[in-house]
Amino acid sequence: MDRSEPPPSTSPIVEAAWKTMPRAMQETVTRAPLIPEIAARAKAAAAAHPGFIRGDQGQVVDVLPEREVYYGPSSGLPELRSQVARLWTSLYSLGGLEGLPDGGLAAEHVAIASGATEGLAILLRLFAPGRCVGMQRLHWGNYRSIVKHAGGEPVVIRFFDEAGRLDLEGIAAEIETHAISTLIVNFPANPTGDCLSDLELQALVALARDHDLILIADEVYNWMRYEDTPRTLLGFAPERTIVVGAASKEYLIPGARTSWILSADEVFSNQWLPRLIRTTSSSPNVLGQNLALEMVGADVQDLEAGRPPRYLSSIRDELRRRRDLMAEVVRESGFTIVGRVANQTPPGGISLFARLPEGLDDDVEFNNRAIELGRFSAIPGTAFGAPGHIRFGYAGMTLESIHRMRTALSEVVEEVRRTT
Ligand SMILES: Cc1ncc(COP(=O)(O)O)c(C=O)c1O
């Protein structure tokens, strides 16, 4: 294929990425790598011929056979890809939606990466070079670095007006001013836990279509939505949405470094992404994938039998209890919860973002004092570009420790007031 010609695909995802990615990446995504193809043939030959000697492998074998963990495919373990496709299809009723296959997603729509961080870094290397990339005002701090490392410019967009309504006109104005072609969308959001309703998702998608945007939907907290039914953007705009999900939050195993990138475009998910993942981690973490496979597989079994997914549901139920208690505790100590609607209990996510009580301003000092006094730790809002605020990660606390936070928080507030 002539490298200056886009590959044969009508998907806005492939077209936009092709226009933006560096030439070297165009080469990588369009050329099938030689070694995996030889490995596949060698594996088949070894199975067919008992005396076959494999000299193609770039790994040590048969020195400590019980301890050896081999590379997996760059696209991820086929069984995990297939289970994640079934999970997304069942959780979000994707089968038969316009723009998606009748039976919903298949393994070819899923690429496995080593954590959402790696997935996002790869996606932004395709969509960010030389471009402005939009993101919510309060966002996971790593987005900014990831966009900049990919040669792009992060642009912060206020998604909500003073009354907490989705500010479509404001978003459109920022998109036009900065010629934004890619938007990172993270709901439930870190750090606020904000969510979007179906109507708002539809409106955002209409805006994305009007401006020919690519939506990178960071859905790592998707099932942690406590007041209503979780949604995926993929069900609303399959032609322009790339979803990043992960075992890190929804399945509580961040150390497994296992995530999934989903798109309706098979060229993108099944060819381009594995070829790029091969250049960043060779293959995603095989041990982590096996762990994730056990949990995702059990949830898929439940869902397909018409039962609530055992892991996702029990995690969500417990986090809802922690969130409710934490919201009560911070309000009692004079904090004001911050999100799209002031002092609203966050409808999703794993953390709560709150303004320091009256008379206190220095979030970094407040957090330092809480640690020095041996009471608790949180994250100062400064880490999210919002001084004067504190992020409480209630998911990382037990109900018992949140009960103890009641006294700890008011005591630290009193102590900091006394000494400043
Ligand atoms: C919004 C968001 N996206 C992505 C990540 C990274 O997830 P992972 O641990 O799977 O790399 C985080 C981690 O805190 C996050 O908050």
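Mentor: In the largest nonpolar core, which has 115 residues, L124, L215 and V330 touch the most other members. Such a core is a set of buried Ala, Val, Leu, Ile, Met, Phe, Trp, Tyr and Cys residues joined through C-beta atoms within 7 Å, and a residue is buried if 20 or more other C-beta atoms, placed from the backbone, lie within 10 Å of its own. This is a predicted model, in which local features need pLDDT of at least 70 and side-chain atom pairs count only at pLDDT 80 or more, while totals for chains, interfaces and linings use all residues. Residues are numbered from 1 along each chain as its sequence is written.

Trainee: Which helix gives the largest share of this core?
Mentor: Helix 5 does, with 8 residues, where a helix is a DSSP run of H or I with at least four residues, numbered from the N terminus. The core also draws at least three residues from each of domain 1 (78-304) and domain 2 (311-419), with bounds that come from an automatic or database domain assignment.

Trainee: And what does L124 touch?
Mentor: Leaving out residues up to four places away in sequence, L124 touches V133, I146, V147, A150 and G152, and a contact here puts the two C-beta atoms, placed from the backbone, within 7 Å.

Trainee: Back to the domains, how far apart are their C-alpha centres?
Mentor: The centres of domain 1 and domain 2 lie 27 Å apart, and the contact between them takes 25 residues from domain 1 and 23 residues from domain 2. On the domain 1 side, helix 9 (247-250) and helix 11 (286-304) each supply at least two residues, and the largest share, 3 residues, comes from helix 11.

Trainee: New topic: which residues are around the ligand?
Mentor: They are G115, A116, T117, W140, N186, N190, D218, V220, A246, S248, P254 and S259, each with its C-beta atom, placed from the backbone, within 6 Å of the ligand. Helix 5 (residues 115-127) gives the largest share of this shell, 3 residues.

Technical notes. Buried ≥ 20, exposed ≤ 12 C-beta atoms within 10 Å, placed from the backbone.
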